[in-house]
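Hi,

Here is the structure I promised to send over. Have a look at it first, and my notes follow below.

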Amino acid sequence: MKPLLLGALLLLSPPLPAEVTGHDWMKAVPDDTRLSALSIPGTHDSGATVEPVPGTAKCQDLSIADQLNAGVRFLDIRCRHLRDAFVIHHGAIYQNLNFEGVLESVQGFLKDHPSECVILSIKEEFTPSGNSRTFEQTFDAYVAKNPAPWFLQATLPTVGQTRGKMILLRRFSATTQPKGIAATGWTDNATFNTGLLRIQDRYQCPDADAKWPHVESLLRESTSGNPDTLYLNFSSATGSRLGLPNIPAVSDGVNRKLTDYFKAHPRGHRGVIVMDFATAERCALIYRAGP
């Protein structure tokens with residue numbers, strides 16, 4: 001199917017029913033809908049709620065559970081490999097959260113809302129320490145404890161194939177495959193393609209005015225883009241203040257621009273919008289946009 005025709009069909013597809021809310025919005029999506037055809041709210045550094053200095057590490061106000069109930073279906077999980085276990089970090093900062101806690105929140109949500117699925121992007125973060133095995137082997141050990149909720153195929157599934165599942169998007173190397181959707185060819189501070197993914201992650205931006213053109217460009221591209229591609233559009237960036245990161249210097253302005261954009265363009269496939277400081281209101285604008 002030609003991309004322009006796909007875009008037209010998505011715009012003509014019926015909107016989600018008014019009664020659909022953040023905790024169950026995928027219930028109204030037909031089983032045969034590809035994951036790549038949705039507009040999906042996501043969070044950047046999803047477990048990052050702690051910081052020693054304001055503006056330097058915190059990326060979310062909501063807990064993982066609250067993000068999911070708000071409609072988030074893409075979680076960016078950054079794991080430090082420590083003593084053969086995963087602990088959640090943003091850079092050097094431990095987030096008072098372990099991987100077991102993330103899994104408990106996600107699996108508990110999916111048990112209560114089996115119509116939904118959640119993409120888990122898993123990346124190694126900070127310096128490993130005290131390990132007797134590889135990052136991949138520790139990940140495998142977590143999966144072995146409860147394999148049923150995992151979707152580990154290397155393809156983009158339909159919603160029907162993954163209801164009640166955690167879909168792995170893998171940002172770490174693997175010796176055995178399939179092991180999720182590969183995202184290992186990540187280009188730093190760029191817009192790029194890798195495998196099944198088209199990604200905008202330009203995070204070195206001093207303010208919202210510098211970041212927004214990159215976000216808006218991929219929003220436009222995804223509307224009529226390849227239906228076999230999952231678009232990941234990071235609205236996050238570090239900002240800067242006196243040589244220190246200043247996350248809100250970007251997120252405050254970009255989040256306002258996202259809200260305005262989706263109000264002005266309420267229908268159409270937009271891919272995954274990966275945000276700092278997600279809210280239920282902004283998530284609803286995104287998931288109601290398409291297909």
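**What I found**

R163 is partly exposed, with a relative accessible area of 22% (partly exposed sits between buried, under 20% relative accessible area, and exposed, over 50%, using a 1.4 Å probe and protein chains only). Before going on, a word on the source: this is a predicted model, where local features need pLDDT of at least 70 and side-chain atom pairs count only at pLDDT 80 or more, while totals for chains, interfaces and linings use all residues. Residues are numbered from 1 along each chain as its sequence is written, and side-chain values use heavy atoms, with hydrogens and water left out.

Back to R163: it forms a salt bridge with D31, and the closest N and O atoms are 2.8 Å apart (a salt bridge is a side-chain nitrogen of Lys or Arg within 4 Å of a carboxyl oxygen of Asp or Glu). R163 lies in the loop between α5 (159–162) and β7 (166–170), and D31 in the loop between α1 (3–12) and β1 (39–43), so the pair ties together parts that are 132 residues apart in sequence. D31 is partly exposed too, at 46% relative accessibility.

Searching the whole structure turns up 15 salt bridges. Another one joins the side chains of E136 and K179 (2.4 Å, N to O). E136 lies in helix α4 (residues 135–145) and K179 in the loop between β7 and β8 (181–182), so this pair ties together parts 43 residues apart in sequence. Both E136 and K179 are buried. K123 and E125 are both buried as well, and their side chains meet in a salt bridge (3.1 Å, N to O). Those two belong to a network of salt bridges linking D45, D76, R78, K123 and E125.

As for the whole protein chain, it has eight helices and twelve strands. Buried residues make up 53% of its 291 residues, and its C-alpha trace spans about 55 × 45 × 35 Å along the principal axes.

Cheers

Conventions
Helices (H or I, at least four residues) and strands (E, at least two) are DSSP runs, numbered from the N terminus.
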